[in-house]
Every structure is written in C-alpha cells, then in structure tokens.
Amino acid sequence: MEKSSNQQIKELIELNEELENYFSNTIIPQLFVDANLILRKFTPPAMKQFSFSPDHIGRPIAEMVDHIRYSTITENIQQVIDTGQILEKEIQTTDLRWFQMNIIPYLIKKHNKANGVIITFVDITDRIKTLREVEKLNASHETFIYSVSHDLKVPLANIEGLVELLMVTSRELMAEEGKENQEQKNIADFLVQSIKTMRTIINDLSEIAKIEGNYQEKGEKLRFADIIQEVVWTLQDKIHESQAQIQLDIQEPVMEFSRKNLRSILYNLLSNALKYQPPGQVPVIRIKTEKNNGMVQLAVKDNGVGITAEKKELLFTRFTRLQTDREGTGIGLYLVKKIVENVGGEIRVESTPGEGSEFIVSLQATA
C-alpha cells in the first residue's frame, strides 16, 4: 500500500527537523553548497567562525570567499563536484588559523552524480603550533649537536698531538736510560685509546644529528664487493689479529644507495661480528646479498656469543651496550637502524645464544 501524500510530507518534515537539529547542535563549522555553487545551509559554528548571517544563504559561494578567508575554495568545490572524490586539505586562513578542510560530495544515488558538497572545518591551529615548536626544538637540538661535535674536534686534535709528543719524548728518555718504563707505556696506550674513543663518539654524534633529521644522502650505483672490500681494509688489524674468516655470497651484486651509509651499515655489522666472539674462537663471518620480494637483502652472519631473546629489544637502542667488557659506544646499531628506516627499509636479527647471530637488512631495490 502506497503512502499518502500527507504521510510523505510528514516524513519529509521529520527528516528536515532531524537535519536542522543536527546542524544546530554540531560544534564543527559546516557548509552545504549545491551543484550550482550556491550556499544552501551552514552550522552555527560556521556563523561564528566565518561571520555568516542568514542573509548569506542562497548566495553564490564565490561571494563568500572573503568570509571564509581562503581564496581557492571555489575551485576546490568544483573539483569535488566534477570528480566525485573527497578532498582533504590542511588550509591556513587569512586570520592565521589552521583548519583540516574536508569537502565531501553529496551524491544522488540514482544518477551517481554530485548534487553539491558538504564542507567541514576542524580547527587544528593548536596542533600545528605544537608541531612547529617540536620542529624548532629538533632544529635547535641538531644545531647544538653539530656545534658541540665540531668545536670538540679542534681541542681533541691538540690533545692528540700533545700525547704523541709526550710519547716520543718518553721513548727518547727511556732509550737514553736503557730501560723501558712499563707503567708509562701503559698510561700512554690508555691515553691513545681514550682519544680514539672520544673521536668515535664525536663522529657518531654528528651522524645521529644527520640521521635523526632525516638527512638524505645522494644515492649512486654501488657494487657490494667494492664496499665490503673497503670495510675489510678498515678492519684489517682486527681481522688479522683474530684470524677471522670472511665468506662472501654475493647473489645481488649492485644496488643504488648512499655510499657512506652502505659503508656505515656494513662497518657496524662486521665490526660487531668480530667483536662479540667467545675467547679463543676464530670468527667465521658470512656476508650475503640477494633479492627477495622486490627488496635487496644484506645479511651478516657470525658464529659469536649470540643474543638472548630479552636483550634483542635493546639492541637498537641508543647508547646501549649489552656487554660492557667489549669496547664500543653503544651507537653503532642505533645508527644502522635509523639509516635503514629513513629509506623505508627494515633490519631484523636472528640469534641463538652460544651459536651466533645474523643481522638481515632489507632495502628497497631500484630498477
């Protein structure tokens, strides 16, 4: 049985009242603009925020631009009507307030065509202000680290020169006396090692500032074998001293990446593989590259002391050292993780205590 005209009118009145009730009670500025770009309705918060009055209803939205204080809103509305796609945009009005603006097409299901749009404005001024303050704080943090690390390099170089001079003088005096002072030699060796550690910390601080600031190094086509050879030469003394065996399995020979960053990844992973070995054991380290699911994987596997499950979570934390009896600053793996994540990659570790560890780095492959 069809509804009577009176019943239909009654239902329309009730729907209209519900809509009016919604518009009257919402706390978000909202506008309804029809397909002819005529302002048909707005909520009370819009009246307060944009100084609208009932006289503005029925007028072209183009005449409301000065009230909304956003110059391209007419073009944005037309774009949504033409495409039927929702437009989300952060805008700043001329009164220097920020809004999350959403323009939503009002679709007629029968024709699948926009008959207008509903526009909502969410005030995000405080959020943007907080974000700007955080960015400013981060910039100050980075500048401070750069300044400190740069300023410390000069006095450190002076100390290094003085220590070398003292060592030369000490050796000459011991040669004249015809005997070696073991205590002086131990002190000199300790000073040299301390300076070396301090220089490493200063350089690492500079790297942290760059990487935490998402500084992107320029990429180039690199051969893994070449970068591995560079790192092996750098660690030659440790490799020779431990008689380590370095095994290569290069299935993916080339990728585009930052030379310095790829070298840093390999250096830290190989250095740790050499460092965390049981006393008297010959390190056997396998470096493998391959392509897997569109990613280039670099894996460094060792036969070292391994890592317990509860300590895996701490591995990539800044300034964390799992074994204090080994030299290091606790920054290396943190830097590796940041480098990898900054380019959308991933690093994970598989380890069994007493058997060794494998660090697997996945990087986006280039065509």
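Is Glu-63 buried, exposed or partly exposed, and what is its relative accessible area? Glu-63 is partly exposed, with a relative accessible area of 44%, where buried stands for under 20% relative accessible area, exposed for over 50%, and partly exposed for what lies in between, computed with a 1.4 Å probe and protein chains only.

The structure is a predicted model, in which local features need pLDDT of at least 70 and side-chain atom pairs count only at pLDDT 80 or more, while totals for chains, interfaces and linings use all residues. Residues are numbered from 1 along each chain as its sequence is written, and side-chain values use heavy atoms, with hydrogens and water left out.

## Salt bridges

Side chains of opposite charge can pair when their charged atoms come close. A salt bridge here is a side-chain nitrogen of Lys or Arg within 4 Å of a carboxyl oxygen of Asp or Glu, and a search of the whole structure finds 13 of them.

| Salt bridge | N to O distance |
|---|---|
| Arg-59 and Glu-63 | 3.1 Å |
| Asp-249 and Arg-286 | 3.0 Å |
| Glu-350 and Arg-348 | 3.7 Å |

Arg-59, the partner of Glu-63, is partly exposed with a relative accessible area of 32%. The salt bridge of Asp-249 with Arg-286 links distant parts of the chain, since Asp-249 lies in strand E7 and Arg-286 in strand E9, 37 residues apart. Arg-286 counts as partly exposed, at 31% relative accessibility.

Strands of a sheet pair through backbone hydrogen bonds, either parallel or antiparallel. Strands (E, at least two residues) and helices (H or I, at least four) are DSSP runs numbered from the N terminus, and two strands pair if DSSP finds at least two bridges between them. In this model five strands form an open sheet in the order E7-E9-E10-E12-E11, with mixed pairing. Its edge strands are E7 (245–250) and E11 (346–352), each of which pairs on one side only. From one strand to the next the twist averages 15°, the axes being lines fitted to C-alpha atoms, for helices over the stretch in contact, and the angles running from 0 to 180 degrees between N-to-C directions.

E9 and E10 run antiparallel and are joined by seven bridges, with Val-300 in E10 as the bridge partner of Ile-287. These two strands form a hairpin with two residues between them, and Asn-293 in the turn has a positive phi of about 55°. Strand E10 (residues 295–301) is mostly covered, as six of its seven residues are buried. E10 also pairs in the antiparallel sense with strand E12 (residues 356–364), over seven bridges, and there Val-300 has Phe-359 as its bridge partner.

## Aromatic pairs

Rings of Phe, Tyr and Trp (its six-membered ring) pair if their centres lie within 6.5 Å, planes under 30 degrees apart counting as stacked, over 60 as edge-to-face and the rest as tilted. A search of the whole structure finds six aromatic pairs. One of them is the tilted pair of Phe-42 and Phe-52, 5.2 Å centre to centre with 50° between the planes. This pair links distant parts of the chain, with Phe-42 in strand E2 (residues 39–42) and Phe-52 in the loop between helix H2 (44–50) and helix H3 (65–68), ten residues apart. Phe-42 is buried, with a relative accessible area of 10%, and Phe-52 counts as buried at 3% relative accessibility. Phe-50 and Phe-52 also form a tilted pair, 6.1 Å centre to centre with 50° between the planes, and both residues are buried. Phe-42, Phe-50, Phe-52, Phe-99 and Phe-121 form one aromatic cluster.
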